[in-house]
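Here is a short report on one protein chain. Look at the sequence and the model first, then read on.

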Amino acid sequence: MTTKVNRKYELGADRRQKIASMKAEQRFTNAVLYILLITMAIVWLMPFVIIVLTSVRSMGDLISNGVFAWPREIVLNNFERAWNIGNFSTYFRNSLLLIIFKVPLGIIIASLAAFPLAKMQFRFNNVIFVFFLIGLAIPIHVTLTPLLVMMKQLGIQGTLAALIPPYVVFGLPFQIFVMRGFFRTVPSELLEAARIDGATEWGNFWRILMPLSTPALATVFIIDALATWNELLIALVLISSNEWRTVPVGLLQFQGQFSSQYTQLMAGVLISITPIIVLYIFLQRYMVAGLTAGALKE
């Protein structure tokens, strides 16, 4: 009897030891993971920290102490001078107008294309979808000369109107990919029930699919707005007038004219990225849901 009790005690002790060992191993794994994530976060945020530190110091302080030193004095007038000298009021207006007109237009067109690709069965459905995805592989550089010729022939070269068609077209492949994936997660029975009640395909699209697609719409809105705000190459080729330059082209001009004033340049960069950061803060809770929805099968 005593032997059985001792054996049970030994087995219990071994089990407790194994559990303690597993917990210790899990704590070690979590600690390594946290250290790795913190290190990656520091490396990822370092450029932003450098921009902030450089934008709030004097040029003499930057030259004397370098970009990694804490500023000896906070110089906030760098932002005012960057705004005025860099003509950001005009550049911000142009970039905001592009986002207001181009981003909703691109999302609507992509949603209209994604709806039949996701919810209708017809011949060459997958072929058409792959055709759209091929647009992701087309480099922008090979289209610059044709775009310039086309916009000149249309008489809109040098204005914001010349940027809207290429921006919409280059944004469609990814937007269709995301919206189609999200539409496929909506149960088809819901649409069938609406059809039985007399709803048309147009009604299904606007009254059922679009209201249910808020995460996907927010995702493509953020990504498309960010891409539109930061796009440089097409705007640099098609826009030649200071009146219609966008923020990235304006920053390029600012850097060329004030190449030695890095503090004002970094202040201008910080001003230019603030709207997108604010937009992402308000909509980021939708972004993960919108991007991962396409991984689910109907």
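A helix here is a DSSP run of at least four residues, and a strand is a run of at least two; both are numbered from the N terminus. This is a predicted model.

**Overall build**

The protein has 13 helices and zero strands. Read from the N terminus, its elements run α-α-α-α-α-α-α-α-α-α-α-α-α. The chain holds 298 residues, and 36% of them are buried. Now take the contacts between residues at least 6 apart in sequence: 72% of these join residues at least 24 apart.

**Surface**

The accessible surface comes to about 18,200 Å². Carbon and sulfur atoms account for 68% of that area. One nonpolar surface patch covers about 710 Å². Its members are Leu-33, Tyr-34, Leu-36, Leu-37, Ile-38, Met-40 and Ile-42.

Arg-184 lies in a loop instead, between helix H7 (164-183) and helix H8 (188-196). The table gives the accessibility of each.

| Residue | Relative accessibility | Class |
|---|---|---|
| Ile-42 | 48% | partly exposed |
| Arg-184 | 30% | partly exposed |

Why does Ile-42 count as partly exposed? Its relative accessibility is 48%, and the partly exposed class lies between under 20% (buried) and over 50% (exposed). Arg-184 is partly exposed because its relative accessible area is 30%.

How far apart are the C-alpha atoms of Arg-184 and Leu-117? They are separated by 9.1 Å, while the two residues are 67 residues apart along the chain.

Note on methods
Residues are numbered from 1 along each chain as its sequence is written. This is a predicted model: local features need pLDDT of at least 70, side-chain atom pairs count only at pLDDT 80 or more; totals for chains, interfaces and linings use all residues. Side-chain values use heavy atoms; hydrogens and water are left out. Buried means under 20% relative accessible area, exposed over 50%, partly exposed in between (1.4 Å probe, protein chains only). Contact means heavy atoms within 4.5 Å. Accessible areas come from the Shrake-Rupley method with a 1.4 Å probe; for residues, only the protein chains shown count as cover. Patches are made of residues with over 30% relative accessible area and no salt bridge: like charges are joined within 9 Å, nonpolar side chains (Val, Leu, Ile, Met, Phe, Trp, Tyr) within 5 Å. A salt bridge is a side-chain nitrogen of Lys or Arg within 4 Å of a carboxyl oxygen of Asp or Glu.
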